[in-house]
Amino acid sequence: MAGSLRHSAYLLAAAVLLSTAHGQLTGENARKGSTYSIGVGKADITGPAADVNLMGYAAPGQLAAGIHTRLYARAYVIGDAQEERKRFVFVNLDACMASQGVTLTELYGDLYTEKNVALSGIHTHSGPGGYLQYILYIITSLGFVRESFDVLVAGIVQAIKRAHEDVKPGMLQVTAGELLDANANRSPTAYLANPPEERARYKHNTDKSMTLLKVLDTEERGRGAVTWFPVHCTSINNTNSLISGDNKGVAAQFLEGWAAGAGQADANGNDTMGSNFVGAFGQANVGDTSPNVLGAFCYDTGEPCEKEHSTCNGRNEMCIGRGPAWEADDYGYKSNEIIARRQSDEAIELWQSAATPISGDIDYRHAFLDMSAITVYPSNYTRAGRTCRAAMGFSFAAGTTDGPGAFDFKQGDTEGTIFWRVVSHFLKDPSTEQIACQAPKPILLDTGSVHVPYEWQPTIVEIQILRVGQLVILCVPGELTTMAGRRLREAVHQQVEGVWGSDVTVVLAGLTNTYSSYVTTFEEYAMQRYEGASTIFGPHTLDAYIQEFLRLSKAMMENKATEPGPRPPNMISKQWSFLTPVVLDSVPSGSHFGAVTEDVLPVVYKEGDKVRAVFQSACPRNNVRLEGTFLTVERQDPEDSDKWELVYTDSDVSTKYHWARPHVLSPESTATITWDIPEGTLSGTYRLRHFGDFKHILGGPAPFNGTSGNFEVHGLDVKPHKHHKHDDNRHKFELSDWERYVREHSFLIPVFLFALLLLGTVLYRQTVSRRPAVSSHPYERLEVAA
Ligand SMILES: [Zn+2]
């Protein structure tokens, strides 16, 4: 047996050499695929769980106040078995999107750089924001949030390091399947603007195909998986305040739980999964997709919304998409679990079905593009035109049916309210040239023309292609709509299939490396719904991307190098931040940090019950407890009452950590820990614990913990003594009048501060430029004169 294994390994190695040399497959190689150098790694990226605006809905009052699930970076190093330098890294982030401010330097020399590392966001709308470098994307988070950024960067580096240290020989397989009930189109009227003959080629108005990459060891045991499937991570709605990975983050937990669980043995009783399986759910052409699969309805009447503009009685705020369990009215948690489960079930099914072994070369191309001025030439895939400086259209302010805008705006609106007209005029009136370039978009914010205090939206974005054998990953810097993604994938597929084979799989990794809002087709752009209004570089944006991706893939086919392109600015050091630090924490006299203020009930709990305890707490920003937890659910050892086994942490779907303070200025706070007892929970004695760190006015943070009373859980095998009906504890998390006032009006603070700063900058410039040069330093004089 060992002999034949060695023999086949020898054959494989020989086949790899052959395939590298000729790009062709031979016998054994075609059956089993090539051997690659593969490493997987995962690290915690959960940022501040209090006070920070959650990124995605642009709802200024939506601040973090606890944790539903932790967020992770999952890294996959995929490289040539012989040549170490021939490798790339795909990092999937439980973040709304990747940030251009994150740049990799000196990670294992120059083994990992922007060229061969892709950072891709899953698009959760429940993660702490403030880590992007462009103003428009951080207005609602009161500017830049260093605490969010640092955690994200450290987690990315940690995940890549772990993957690097994990590198060993392995194999890859790819497969795809249909998942019908996990996404819906939220802008179907815009989709209908695409040519009928093009639409006729597709059965659905969103992509229903999930692609799964299987990462195996040389014995074909599972080491990890990456899936790509387009669906907005907006299952949890914009009234939620807990950090969560939304449907893709939770799907990853489900898949990893399945892989780690018992019963993954094959027919012969051998383990089919190695330990530390890392499973990621990547984003794709997400632009017009929604997890709210039942459609959009009016909140007050329950009638379907008006279709063209997604309004109810002319107002957009009332038109809200419904997830599969919308009736639960629970911030979307139940719907989220269902959409997550559908994705993880599909991934598991794909994992267990036949897949194509991957064999062939590893390659990558990366380019920075100045998207403000790309000339697009006509071709089979592109129409002639040019891109424009960035600008947002009016419908951007309307938001979507996943999270309607806070101001009275309609999708497709061309007039707008006084508020936004004032804001846009305050920035700058768009030039006639810009108006013509962006037409038919009515410009609300001419972001590409404003450079004070620094850039509002990107001008330079990056595109990237990663290739391993038959799998080609197109890394796009934004949210392509369904049809936009299809056009891009098809163009690349048709170009490369002649050389790389017709079984080439082209996937699209959305929200990667840079965030630059949306990309619609030319026809959808004309409709100017939310996605069209947010296609910032004008009607030819998609055609420009298609042209540039084709340029990179052509170079890859011909083994030619490509120009790196103009470097984007790194403005991290220039960032303004208005998030105040934690000053101190305190407790009521006679109490202490970790004290239980409301204990668990003295009843016997069963599956499906909610256990709850409240603790005296402190601000979680004092220590984000990376790779740790703010809570545990523990089970007593039946043999030894002093021993407690850890069952769940704050990252599990069944636990929630709600942090709250009586009012915004109070140094006192509480932590409410809840546990929804899942099916299959073992009977026994349990307890809840809370961990935190408090800040003394004169010193740094100090840790504390608290423990609830013990409680009994009876599993299904044991009849409970009495059934206790718990009331829904949601009212406990309701906001005080103060908090509600601040949440509803706090958007005025950043708007006011930015206004003040902009005004200040303009005044300062006016004064400086009018003042005669007094400096004796020649360069300073030169600068003033310029
Ligand atoms: Zn989005």
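**First look**

I counted 16 helices and 38 strands in the protein; helices (H or I, at least four residues) and strands (E, at least two) are DSSP runs, numbered from the N terminus. I am working with a predicted model, where local features need pLDDT of at least 70, side-chain atom pairs count only at pLDDT 80 or more, and totals for chains, interfaces and linings use all residues. Residues are numbered from 1 along each chain as its sequence is written.

**Burial and contacts**

I found that buried residues make up 52% of the 786 residues. For me, buried means 20 or more other C-beta atoms within 10 Å of the residue's own, exposed means 12 or fewer, and partly exposed lies in between, with C-beta atoms placed from the backbone. Among contacts between residues at least 6 apart in sequence, 76% join residues at least 24 apart; a contact needs C-beta atoms, placed from the backbone, within 7 Å.

**The cores**

Next I looked up nonpolar cores, which are sets of buried Ala, Val, Leu, Ile, Met, Phe, Trp, Tyr and Cys residues joined through C-beta atoms within 7 Å. The largest has 181 residues, and Tyr76, Val89, Val91, Leu474 and Leu488 have the most contacts inside it. Both domain 2 (33-373 + 457-574) and domain 3 (596-730) give residues to this core, so it lies between them; the domain bounds come from an automatic or database assignment. Not counting residues up to four places away in sequence, Tyr76 touches Val40, Val89, Phe90, Ala163, Val215, Gly224 and Val226.

- The peptide bond from Ala439 to Pro440 is cis, with omega near 5 degrees, and Pro440 lies in the loop between helix H9 (432-438) and strand E23 (443-445).
- Val452 and Pro453 are also joined by a cis peptide bond, with omega about -15 degrees; Pro453 lies in the loop between E23 and strand E24 (460-468).
- Ser310, not a glycine, has a positive phi of about 50 degrees, in the loop between strand E14 (296-298) and strand E15 (319-321). Ser310 counts as buried, because it has 27 C-beta neighbours inside 10 Å.
- Asn313 has a positive phi of about 55 degrees and is found in the loop between E14 and E15. Asn313 is exposed, with 12 other C-beta atoms within 10 Å.

Terms used. Two residues are in contact if their C-beta atoms, placed from the backbone, lie within 7 Å.
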